[in-house]
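Colleague: I am new to reading protein models and would like to go through one slowly, feature by feature. Could we start with the strands and then turn to the helices?

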Amino acid sequence: MNNNLKFLLLGTSLSLIPNLTQAQCSPAQSCAELGYKETTNKGSCLKCPFGNGWYCPEPKEEKAVLGECTGYAKNCKIGQILNSDGTCSDYRVNGVEPVGVVAYIGTDNCGQALALNSLKKDAVNGIAWSREKVDVPGLSNSDAKTDFDSCKNTQTVLDYSYKAYGDSASSYYPAFWNAHDYAPSSISATKGKWCLPAGGVLDSIHKNKDAINLGLIRINAESLGGIHYLWTSSQASSDEAISWQFRWSSLTTTNKLTDRYMGARFVIEF
């Protein structure tokens, strides 16, 4: 082989050695840098594979946060009582106030609990969905049975109506502002967290009516029924919204301005 070629190949090989050496000799991360910061196993901890450090995840609080989805609903069953301390139980718990009865649990482990009573003036006079026929911006007109966004719908209408009418908004959208202002007297901290249920939620409530009524009976709350219609937060068009008709046990479209025989029963997310 030509000597010049030999020296060229040797020089090329040597030029690669510093890079290789640098890659092999870079300092390794310590256990602490990798997140293994505890010195002892506090329970359910993972040990550093090349040292004495431990990684201990923060324990999850096993209770619901009223008005928020935390995924805790996976621990509950439809018909159970949602308590003020964020737990679910089959019966009343001494020293803890019932908030509602678990009425819906989604595939995302978010739950909605039904209020212990409905909002109505009397058997005839009720409450209107709105006092105007407007296709509320941001509120879809989708199939009501697939709509489970009770609180998103409610907040959309609250935001729109306040932007449009300010302090008079409650006069234009009474069903929604009554939800906003609702709270059981014994659990006033839940004010502002209640929502008008979406069509799919009321449909689910009907399908699970027996279990939900049993939970309501166990805490001496108002059973489902008793008034002719319940409003949902689902919109059908600029003229109509979706309501639940007890007589026929089905969802139906109703003129938004109607108040006779119309009631509302709110839900709270957890």
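Modeller: Let us begin with a hairpin: strand 8 and strand 9 form one, with 4 residues between them. This is a predicted model, in which local features need pLDDT of at least 70 and side-chain atom pairs count only at pLDDT 80 or more, while totals for chains, interfaces and linings use all residues. Residues are numbered from 1 along each chain as its sequence is written, and side-chain values use heavy atoms, with hydrogens and water left out.

Colleague: What counts as a strand or a helix, and in which sense do strand 8 and strand 9 pair?

Modeller: Helices (H or I, at least four residues) and strands (E, at least two) are DSSP runs, numbered from the N terminus, and two strands pair if DSSP finds at least two bridges between them. Here strand 8 and strand 9 (residues 240–245) pair in the antiparallel sense over 4 bridges, and Trp 231 stands opposite Ser 243 in strand 9. Strand 8 is also joined by 2 bridges to strand 11 (residues 262–263), the two running parallel, with Leu 230 opposite Gly 263 in strand 11.

Colleague: Why is strand 8 described as largely enclosed?

Modeller: Buried means under 20% relative accessible area, exposed over 50%, and partly exposed in between (1.4 Å probe, protein chains only). In strand 8 (residues 229–235), 6 of the 7 residues are buried, so the strand is largely enclosed by the rest of the structure.

Colleague: Which strands stand at the edges of the open sheet?

Modeller: The open sheet of 6 strands has the order 4-3-5-6-12-7, with antiparallel pairing. Strand 4 (88–89) and strand 7 (194–195) stand at its edges, each with a single partner strand, so one side of each is left without a neighbour in the sheet. Strand 5 (residues 98–105) is joined to strand 6 (residues 111–115) by 5 bridges, and these two run antiparallel; the bridge partner of Val 101 in strand 6 is Leu 114.

Colleague: Turning to the helices, how many residues of helix 5 are buried?

Modeller: Helix 5 (residues 199–207) is mostly covered, since 7 of its 9 residues are buried, among them Gly 199, Val 201 and Leu 202. Gly 199 has a relative accessible area of 0% and is therefore buried. Contact means heavy atoms within 4.5 Å, and, not counting residues up to four places away in sequence, Gly 199 touches Ala 144, Asp 147, Thr 232, Ser 234 and Leu 251. The C-alpha atoms of Gly 199 and Ser 234 are separated by 5.7 Å, although the two residues are 35 residues apart along the chain.

Colleague: How do helix 2 and helix 4 pack?

Modeller: Axes are lines fitted to C-alpha atoms, for helices over the stretch in contact, and angles run from 0 to 180 degrees between N-to-C directions. Helix 2 and helix 4 (residues 174–181) pack at an angle of about 110°, with their axes 10 Å apart. Angles under 35 degrees count as roughly parallel, over 145 as roughly antiparallel, 65 to 115 as roughly perpendicular and the rest as oblique, which makes helix 2 roughly perpendicular to helix 4. The residues making the contact include Ser 161 of helix 2 and Trp 177 of helix 4.

Colleague: Is Ser 161 buried or exposed?

Modeller: Ser 161, which lies in helix 2 (residues 150–165), counts as buried because its relative accessibility is 0%. Its side chain reaches the backbone oxygen of Leu 158 at 3.1 Å.

Terms used. Polar contact = N/O pair within 3.5 Å; in protein donor to acceptor, adjacent residues only side chain to side chain.
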